[in-house]
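Hi there,

Here is the structure I promised to pass on to you. Have a look at it first, and my notes on what turned up follow below.

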Amino acid sequence: MTLSFDPNTISLPIGHFIGGQFVTATGAIDMRRPSDGNAYAGCPVANEAIVDQAVQMAKTALKTSNWGGIRPRERTRIMQRWADLIEAKAETLAKIEALSSTRPVGHLVAGDIAVTAEQIRFFAEFADKEGSDLVPTDDASFGMIVTEPYGVVGAITPWNFPVSMAAWKLGPALAAGNAIVLKPSEMTPFSSIYLAQLAAEAGIPAGLINIVLGDGQITGKAITGHPDIAKVSFTGSTAAGSAIMSNIARTGVKPMTLELGGKSPQLVFADADLQKSAKAIARSILSNAGQACVAASRLIVEASVADEVVTLILNEMRSVRAGPTWDAASQYSPIISERQRDRIDSIVQAAVAAGGECLIGGGPMDGAGYFYAPTLIANVGQTSPAVTEEIFGPVLTMQTFSTDEEALALADHPIYGLAAGLFTRDLSRAIRFSRDIQAGTIWVNRYGRSRDHILPTGGYKRSGIGKDLGRDAYLANRKSKSVLISL
Ligand code: NAD
């Protein structure tokens with residue numbers, strides 16, 4: 001059975017999901033399919049009143065269901081049922097997602113959605129395992145640090161991996177006993193609605209998950225500034241993260257987790273397994289056409305092996321199989337929008353004008369949709385726009401080094417510190433560089449996340465504050481209280 005489908009036959013849940021009910025709404029923002037550029041739907045925009053309605057529903061649901069106070073194992077059990085349903089309905093979810101997004105349907109079923117179900121189970125398991133602490137005091141006292149849910153968490157997600165990003169927010173917030181109001185990206189909103197419908201079907205009490213559609217300026221702002229939202233969890237660009245911080249500062253004070261942009265370096269040393277390194281780097285920059293926060297976008301390679309590594313990467317880049325996201329055979333994604341494709345191209349052209357040389361690609365691909373050719377740019381210095389800017393496309397730059405000091409200096413980015421890759425067989429060097437590179441994640445002799453969800457992800461510098469995944473994400477959804485009892 002093939003997963004391929006006709007994009008004109010998919011019915012979309014165009015509306016919001018509030019208080020356990022799907023509420024239809026008029027699509028206000030024009031939406032185009034990245035794979036062929038055709039208009040296919042409109043994204044509704046929830047105003048302050050609708051966001052407020054969702055927040056009030058969430059508050060009421062927390063009270064009536066006592067979600068944060070029931071036996072924690074019960075939260076685990078219900079959430080696991082939700083994960084089972086996500087797996088059972090993977091095809092439907094994948095088709096809704098593939099239609100709007102850049103994710104090929106085949107990758108969704110085997111990858112994003114399978115992992116999402118696993119991550120929901122992973123977070124569900126924390127509910128009855130992470131507890132409070134008894135702390136040492138003098139023997140006339142009894143001291144405890146207890147943790148409690150925040151209440152209503154507000155979440156905002158980007159378009160690049162919509163289902164996964166929603167699960168990274170919903171999973172820990174719910175397992176930790178909170179309700180949530182989530183706004184997906186206006187470019188890929190419908191899969192989050194369907195996820196919430198599955199949650200309701202699984203028995204997650206109505207009103208605990210509310211999905212409001214809309215843009216950042218109206219809906220996003222209403223969420224981050226809402227007085228009854230106790231905590232904000234955001235994934236997106238550094239610019240939007242900064243605007244959110246400032247809105248929160250203006251409207252009150254609340255904790256926030258910000259997962260932001262990146263410009264991750266890949267250091268390849270001459271002693272590395274070059275074939276494996278090249279494959280890992282190419283896979284990362286080609287996966288989702290480089291539209292990943294941790295995309296391996298800066299190759300920094302020891303001069304003596306640069307030609308060999310580049311040849312291997314070019315071979316991988318030549319072999320991509322581009323195709324619409326609804327074709328199960330497609331391996332290479334389109335860019336999310338025409339605007340984003342033009343932005344990628346303008347940075348590439350600026351880099352070329354500054355002396356860069358495109359060894360492959362360097363422009364949009366022919367044919368329908370917003371595909372951009374895999375691109376490798378050599379002859380770039382640290383100030384080239386292709387090296388400084390988060391391009392968020394299939395564009396890899398190449399720089400060379402001769403000493404460890406040079407490699408480390410090139411790896412350092414003034415703004416971003418999300419992830420880095422190291423390819424070397426020298427254990428001491430791997431440990432030294434893992435320590436010295438300023439990034440929230442270091443991968444050695446591999447590039448990209450595994451299915452070890454216990455490893456948190458998050459940025460240094462302006463790549464973010466706080467972590468998603470891991471125990472950290474669960475704990476970030478609970479606040480702590482110190483209790484001291486005089487005996
Ligand atoms: P974006 O910042 O444009 O939008 C992300 C979300 O924020 C959308 O839902 C948008 O509507 C909303 N938004 C925008 N401005 C807002 C505002 N002022 N107030 C409230 N909400 C606002 O990002 P994008 O283009 O959707 O996604 C790409 C970016 O996301 C890249 O920079 C990428 O690196 C980053 N990202 C980071 C991670 C991570 O884990 N660090 C993961 C995925 C994506």
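Glu302 stands opposite Phe401 in strand S16. That position belongs to the pairing of S13 with S16, which is parallel and runs over five bridges. Please keep in mind throughout that this is a predicted model.

The two strands are part of an open sheet of seven, in the order S14-S15-S16-S13-S12-S18-S19, with mixed pairing. At the edges are S14 and strand S19 (441-444), each of which pairs on one side only. Direction ignored, neighbouring strands of this sheet are turned by 25 degrees against each other on average. Strands of a sheet pair through backbone hydrogen bonds, either parallel or antiparallel.

You can see both kinds of pairing around S15 (residues 375-378). With strand S14 (residues 357-360), S15 pairs in the antiparallel sense over three bridges, and Cys358 stands opposite Ile377 there. With strand S16 (residues 395-401), S15 pairs in the parallel sense, also over three bridges, and here Thr375 is opposite Val395.

Helix H9 lies across S12, S13, S16 and strand S18 (419-423), at about 160 degrees to S13. Between H9 (274-286) and strand S13 (296-302) there is a loop that holds Ala289. The phi of Ala289 is near 50 degrees, a positive value in a residue other than glycine. Most residues other than glycine have a negative phi, and most peptide bonds are trans. Ala289 counts as buried because its relative accessibility is 0%.

Asn66 also has a phi near 50 degrees, again positive in a residue other than glycine. You will find Asn66 in the loop between helix H1 (48-65) and H2. Because its relative accessibility is 42%, Asn66 counts as partly exposed.

Back in the seven-stranded sheet, Ser264 is worth a look in strand S12 (residues 264-268). Why does Ser264 count as buried? Its relative accessibility is 1%, and the cut-off for buried is under 20%, so Ser264 falls within that class. Leaving aside residues up to four places away in sequence, Ser264 touches Cys293, Val294, Ala295, Ala296, Ser297, Arg298, Leu418, Ala419 and Tyr447.

Which residues are closest to the ligand? Of the 29 residues that surround the ligand, the closest are Thr157, Lys183, Glu186, Ser237 and Glu390.

- Ser237 has a polar side-chain atom 2.6 Å from an oxygen atom of the ligand.
- Lys183 has a polar side-chain atom 2.8 Å from an oxygen atom of the ligand.
- Gly236 has a backbone N or O atom 3.4 Å from an oxygen atom of the ligand.

On its own the ligand has 850 Å² of accessible area, and the protein covers 89% of that. H7 gives the most, with four residues.

Elsewhere there is an open sheet of three strands, in the order S5-S6-S22, with antiparallel pairing. Its edge strands are strand S5 (133-135) and strand S22 (478-486), each pairing on one side only. The twist in this sheet averages 25 degrees from one strand to the next. Strand S6 (residues 141-149) and S22 run antiparallel and are joined by nine bridges. Within that pairing, Glu148 has Lys479 in S22 as its bridge partner.

One last stop is helix H3 (residues 90-100), which is mostly covered, with nine of its eleven residues buried. The buried ones are Ala90, Leu93, Ala94, Lys95, Ile96, Glu97, Ala98, Leu99 and Ser100. Their cover includes strand S3 (29-32), strand S4 (39-43), helix H2 (72-88), helix H4 (105-124), helix H5 (162-175) and helix H6 (190-202).

Best wishes

Note on methods
Residues numbered from 1 in each chain as written. Predicted model: local features only at pLDDT ≥ 70, side-chain atom pairs only at ≥ 80, totals over all residues. Heavy atoms only, no water. Buried < 20%, exposed > 50% of the residue type's maximum accessible area, 1.4 Å probe, protein only. Pairing = 2+ DSSP bridges. Contact = heavy atoms within 4.5 Å. Axes fitted to C-alpha atoms, helices over the stretch in contact; angles between N-to-C directions. Near = heavy atom within 4 Å. Polar contact = N/O pair within 3.5 Å; in protein donor to acceptor, adjacent residues only side chain to side chain. Areas by Shrake-Rupley, 256 points an atom, 1.4 Å probe, with all protein chains shown as cover.
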